[in-house]
Amino acid sequence: MGDYFSAYPCAGPAAWDATTRPAHRGGDDGDWDADAAAYFAASGTSAAPYTTGINAAIVAMKTAGLWDKADRIWMFAGQNEAGSLIDWKALNTDAETVNDPDWGAGVGFTLNGTSQYIDTGFAPSGGAQYVQNSGSFAVDAATSTTGNNCIMGNAGESQDPPITTLTFLSLNMNARVQANSSQIVTAHGGRTALWMASRTSSGATALYKDGVSLATDGDGSVAVGSSNWFVGAQNNGGTPALFTACDARFAFVGAGLDDTEAAALASIRQTLGETIGWL
């Protein structure tokens with residue numbers, strides 16, 4: 001045994017130790033992480049690659065410190081449609097689709113860009129981790145649209161503050177997190193990605209594409225709002241606007257994430273997408 005471990009040492013931040021529960025020991029009844037097992041039971045998720053992919057993602061999020069910072073985590077491209085609307089962290093069932101979008105296992109919800117969207121059932125004011133001066137939200141929504149379209153967002157009526165949104169404006173991405181008039185506007189260089197906006201203090205907001213910071217903003221924050229996040233549209237005080245034709249696959253809401261944490265979330269989503277098959 002000593003020769004074996006000398007020849008094959010564990011290394012790196014993801015190395016297993018006695019305090020880390022193994023991701024999976026093999027077989028359909030593998031030793032799942034307890035939170036992954038709870039999600040499987042709640043969502044009716046029972047088969048690979050969904051079980052193996054989700055379990056590995058949850059374990060990786062815990063290693064990276066992301067799990068404790070999350071309020072909600074959805075993988076809309078799950079094994080079954082109803083289970084894809086249950087979030088991993090709180091096992092909440094408030095999310096619902098509007099106007100009957102198509103859904104496919106391992107694909108997610110295909111939104112038509114004119115009337116369909118996902119109401120997550122979750123608002124900034126409901127966050128335990130997401131608060132006024134520390135909040136992030138991210139969404140993976142494959143899209144080829146070219147106009148002004150919101151992939152995830154909420155605002156007051158008539159787009160009054162507080163505004164928390166990721167919106168394409170032609171060739172640019174517009175990002176706000178608990179913002180008033182200030183916003184990040186920068187060239188997006190291609191719309192399909194994991195997009196994330198993160199506020200880490202009263203005067204620090206950043207926009208990330210696949211874990212890489214594209215731009216920052218130093219404007220101050222405003223109090224959290226009570227409008228739910230919509231995916232595939234912006235929620236203007238209960239009225240959807242700026243619809244996006246897209247395949248909605250994954251979303252995250254939680255505390256503000258820094259550069260290292262944003263990169264970790266993007267890496268975990270990349271591995272998850274490759275395992276499930278949407279990437």
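Me: What does buried mean for a residue in this predicted model?

Reply: Buried means under 20% relative accessible area. Both phenylalanine 122 and tryptophan 229 are buried in this predicted model.

Me: Why is the pair of phenylalanine 122 and tryptophan 229 called stacked?

Reply: Rings pair if their centres lie within 6.5 Å, and planes under 30 degrees apart count as stacked. The centres of phenylalanine 122 and tryptophan 229 are 6.0 Å apart and their planes stand at 15 degrees, so the pair is stacked.

Me: What makes this pair of phenylalanine 122 and tryptophan 229 tie parts of the chain together?

Reply: Phenylalanine 122 belongs to the loop between strand 5 (117-119) and strand 6 (135-142), while tryptophan 229 belongs to the loop between strand 13 (212-217) and strand 14 (230-231), so the pair ties together parts that are 107 residues apart in sequence.

Me: How many aromatic pairs does the structure hold?

Reply: The structure holds 12 aromatic pairs. Among them is the stacked pair of tryptophan 74 and phenylalanine 76, with 6.2 Å centre to centre and 15 degrees between the planes. Tryptophan 74 and phenylalanine 76 are both buried.

Me: Why does threonine 51 count as buried?

Reply: The cut-off for buried is under 20% relative accessible area. Threonine 51 has 4% relative accessibility and therefore counts as buried. Threonine 51 lies in helix 3 (residues 50-64).

Me: Which residues does threonine 51 touch, not counting residues up to four places away in sequence?

Reply: With that exclusion, threonine 51 touches Trp32, Phe40, Thr45 and Ser46. Threonine 51 and phenylalanine 40 are 7.4 Å apart in space, C-alpha to C-alpha, and 11 residues apart in sequence. Ring pairs link Trp32 and Phe40 into a cluster that also includes Tyr39, Trp88 and Phe250.

Definitions and conventions. Residues numbered from 1 in each chain as written. Predicted model: local features only at pLDDT ≥ 70, side-chain atom pairs only at ≥ 80, totals over all residues. Heavy atoms only, no water. Phe/Tyr/Trp six-rings, centres within 6.5 Å; stacked < 30°, edge-to-face > 60°. Buried < 20%, exposed > 50% of the residue type's maximum accessible area, 1.4 Å probe, protein only. Helix = DSSP H or I, 4+ residues; strand = E, 2+ residues; numbered from the N terminus. Contact = heavy atoms within 4.5 Å.
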